[in-house]
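The sequence and the structure come before my entries.

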Amino acid sequence: MTQLPLRAQLASALGRTAATLSRVTGRGDGSVIGGRVGLMLEPDLLRKLAADRKLVLISATNGKTTTTRLITSELQELGEVATNAFGANMPAGHVSALSQSKQAPFGVLEVDEKYLPEVLATTGATVVCLMNLSRDQMDRAAEIWLLAQKWQRALTDVDTHVIANCDDPLVTWGASTASRVTWVSCGQPWKEDSWCCPQCGGPLDRKDNDWACRECTFRRPEPSWVLDDDAVIDPRGQRWVLDLQLPGRANRANAAIALATAETFGLPADRALPRLREVTSVAGRYTTVERDGRSMRLLLAKNPAGWLEAFEVSDPALPIVLSVNAQGPDGRDTSWLWDVDYRILTGRPVYVTGQRRLDLALRLDVAGVPFELCETFDAAVARQAPGRVDVIANYTAFQQIRAEFGRAV
Ligand SMILES: [Zn+2]
């Protein structure tokens, strides 16, 4: 990476300075502003920074940040890895990540689903991981099909190896034009967005993880890697018990993708798996924070599929705080709350807070789930007896809670 042209070197250096200034002035972690400054000075900076490296791009509706972290941890077994650990997943964030580790032979980048075609075309990444596609908000239902169509175009005639979840019909369709695909069966607990064939619009017949269109030839490809409960079965039939520190089925699915990715870099599961087990929390997710004798575990849920995952991880014996906002990244429309089945919370003490606590309260009321309404997160915490508590929050609510604890997590 030392052979960067002078202009690119300068752009990259100034970007890093801007990032540092942003951090010291407390405006954020600096990963976006630094990249923006760099791109302003040298629009081709991302391509130049990506050249001569082996890059993995990771895209999905849910699990991108965690899978990025898992694959980074694995590839560190082989050498230095540049990554956007803070989830800044658009080109400015990628520029910043690659600028910060200029010598790293590997790059592992989380990519916003919409930006994947652009970032793939710019970087010519070696591997692309595609895991799941579901809508974030009600008003975006049609968008995910269009997105998958853009993935198809982006993957046509490129020499990129795709690692994709074949249990998700839309992901399968999006990856179907790639010349090289490793199919991984990692399940699809949230099926509400994929009852129709993406190819012809016909009904999909489903049984467990398998699916096939009733009206055309589109059907689930045979996977070479399979997530089987607490283990992953590799293409040779060997079963690897995951035993991760990260909780829940969704993270085991992420780990299956990560193990399949590692193999494309020649890193076998027996070397990759210990690296996956080292990961304990990702950008504050699954971390426990302490206040006045309460231990609060933080779970992020940004959309209906994410809420299902969070419920699966949360401990039914514990009280639970739910916080919902509707600011920029959350989307202003909270109608998706109606898609989530909250009855699973019945019997637990439930505390509702966040900017849109009244929307959530109405939803719980209709579902017949008793709850207590709290003005603020602090008020919800104050209502807890000392001991363990689960907290599920959507994006900006989660970030607010993290900020309150000094982002120590
Ligand atoms: Zn069909």
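The entries below take up a helix pair and then a sheet with a helix across it.

Entry one. I kept in mind that this is a predicted model, and I began with helix α4 (residues 64–75) and helix α10 (residues 269–277), whose axes come within 8 Å and cross at roughly 130 degrees. Angles from 65 to 115 degrees count as roughly perpendicular and those over 145 as roughly antiparallel, and α4 and α10 are therefore oblique to each other. I also noted that the crossing of α4 and α10 is right-handed.

Entry two. Which residues of α4 meet α10? I found L70, S73 and E74 on the α4 side, and they meet A272, R275 and L276 in α10. Sorted by class, this contact of α4 with α10 has three nonpolar residues, one polar residue and two charged residues.

I then turned to an open sheet, which six strands form with mixed pairing, and I wrote down their order as β12-β13-β17-β14-β15-β16. Its edge strands are β12 (288–291) and β16 (372–373), each of which pairs on one side only.

Entry four. In what sense do β14 and β17 pair, parallel or antiparallel? Strand β14 (residues 320–323) and strand β17 (residues 387–393) pair in the parallel sense, over four bridges, and I looked up S323, whose bridge partner in β17 is A393.

Last, I followed helix α14 (residues 395–404), which lies across β13 (294–300), β14 and β17, and which runs at about 135 degrees to β17.

Conventions
Residues are numbered from 1 along each chain as its sequence is written. This is a predicted model: local features need pLDDT of at least 70, side-chain atom pairs count only at pLDDT 80 or more; totals for chains, interfaces and linings use all residues. Axes are lines fitted to C-alpha atoms, for helices over the stretch in contact, and angles run from 0 to 180 degrees between N-to-C directions. Helices (H or I, at least four residues) and strands (E, at least two) are DSSP runs, numbered from the N terminus. Angles under 35 degrees count as roughly parallel, over 145 as roughly antiparallel, 65 to 115 as roughly perpendicular and the rest as oblique. A crossing is left-handed if the near helix is turned anticlockwise from the far one by less than a right angle, and right-handed if clockwise. Two residues are in contact if their C-beta atoms, placed from the backbone, lie within 7 Å. Ala, Val, Leu, Ile, Met, Phe, Trp, Tyr, Cys and Pro count as nonpolar, Asp, Glu, Lys and Arg as charged, and the others, Gly among them, as polar. Two strands pair if DSSP finds at least two bridges between them.
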